[in-house]
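Reader: I would like to learn how to read salt bridges in a structure. Can we work through them on one model?

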Amino acid sequence: MAATRRSARISNRASTQEAAATAAAAAADPPPPPKENKRKRKAAPKPEPAAPKTPTKKRQRSVAPPLTPTTSAVTLNAEGSDLNGIKNTAHKSVTRLADPKLSNATLLSPQTSRIIASRDVEALSPLKAPSFGVKTTTTATLLREACDHLIKVDERMRPLIERHHCHVFSPEGLAEKVDPFESLVSGILSQQVSGAAAKSIKAKFIALFSPEDGGDPPSQVSANGDSAAEKRFPMPSEVAACSLERLRTAGLSQRKAEYVQGLAEKFASGEITAQMLHDAPDEELMEKLIAVRGLGRWSVEMFAFFALKRMDVFSIGDLGIQRGMAAFVGRDVAKLKNKGGKWKYMSEQDMVELSDKFAPYRSLFMWYMWKVEDTDVSSMG
């Protein structure tokens, strides 16, 4: 009996412990809610696909806008800051129409400083603009087209062109502002004197017309002309009104003083204008200028080349060109040097026949003939 009661007690205790364990398990069982919460967390992120799109759009907006406006702003600011400078002038000039038979320079009217130049391509009206597909020569393409033509005519031109860059007809050269009166007067002053002497005389000549600005008297101007470097060149009307005696104090001979004064009178009266020099055909230009006292054919040819930037000028009488042409065709110029006479290197007929092949770009051909013998042309402009 005692054993039976012990067994019952043990059984009851086990039942009680089992019930307690079951109750405890039941109490600790609530993991279902976490599972439901996990499911909810997984279901809630449905908008996840849209989430990456929003940042992507933001990144595009933050990167793309600065690119185009920034580049445009830099360009506009660069152009605006140089409206009155050489850089902007060069930019404008590359869009101008060009013509080998006319002046391609940017001229300044000596009396008014008004700019005389060919039409800007971008400013042309649709009615006057070149038709689609029609080749248009501009100041940006003129030199390249001329070089291509020279090489096409004679392959021997290629090494010369590759070795030497002609600044005169480059877009930068065509953008330079040229006072035609100053250029012609400088040509007269430099006749039959050295380059250093011509520079000194020109400096003294300019100083004659700027004493009120603190300019040095003619006798105090240095030989290299530095003291008059920043002074403006006098207008034709000022030179025309100046006496010959005063002009001579700058170092001009009586004849040169007369030449300069006579030229100034033609500009002041309107007989010669920057517009005429720009627009006149080559033959008319030569005729008008050679008629002016002090201007010979060679002087006018150099003026047409260096100042007016005309592409079809050729000077038959230039000894440096004659010598260069002889060397170009393979002649021994050292032996020909002692031949004597005006045409000791090459006959006039041979020069004409050879140069005519390069029309309408004979100016550029002439420049390269100087370069064959490395002739210094810096004082001719």
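Reader: Is Glu 176 buried, exposed or partly exposed?

Author: This is a predicted model. Glu 176 has a relative accessibility of 35%, so Glu 176 counts as partly exposed. Its salt-bridge partner is Lys 309, with the closest N and O atoms 3.9 Å apart. Lys 309 is buried, at a relative accessible area of 4%.

Reader: Why do such side chains pair?

Author: Side chains of opposite charge can pair when their charged atoms come close. The search of the whole structure finds 13 salt bridges.

Reader: Which parts of the chain does the pair of Lys 309 and Glu 176 tie together?

Author: Lys 309 sits in the loop between α15 and α16, and Glu 176 in the loop between α7 and β3, so the pair ties together parts 133 residues apart in sequence.

Reader: Which residue forms a salt bridge with Asp 282?

Author: Arg 310 does, and the closest N and O atoms are 2.7 Å apart. Asp 282 lies in helix α14 and Arg 310 in the loop between α15 and α16, 28 residues apart. Asp 282 counts as buried at 17% relative accessibility, and Arg 310 counts as buried at 0%.

Definitions and conventions: Residues are numbered from 1 along each chain as its sequence is written. This is a predicted model: local features need pLDDT of at least 70, side-chain atom pairs count only at pLDDT 80 or more; totals for chains, interfaces and linings use all residues. Side-chain values use heavy atoms; hydrogens and water are left out. A salt bridge is a side-chain nitrogen of Lys or Arg within 4 Å of a carboxyl oxygen of Asp or Glu. Helices (H or I, at least four residues) and strands (E, at least two) are DSSP runs, numbered from the N terminus. Buried means under 20% relative accessible area, exposed over 50%, partly exposed in between (1.4 Å probe, protein chains only).
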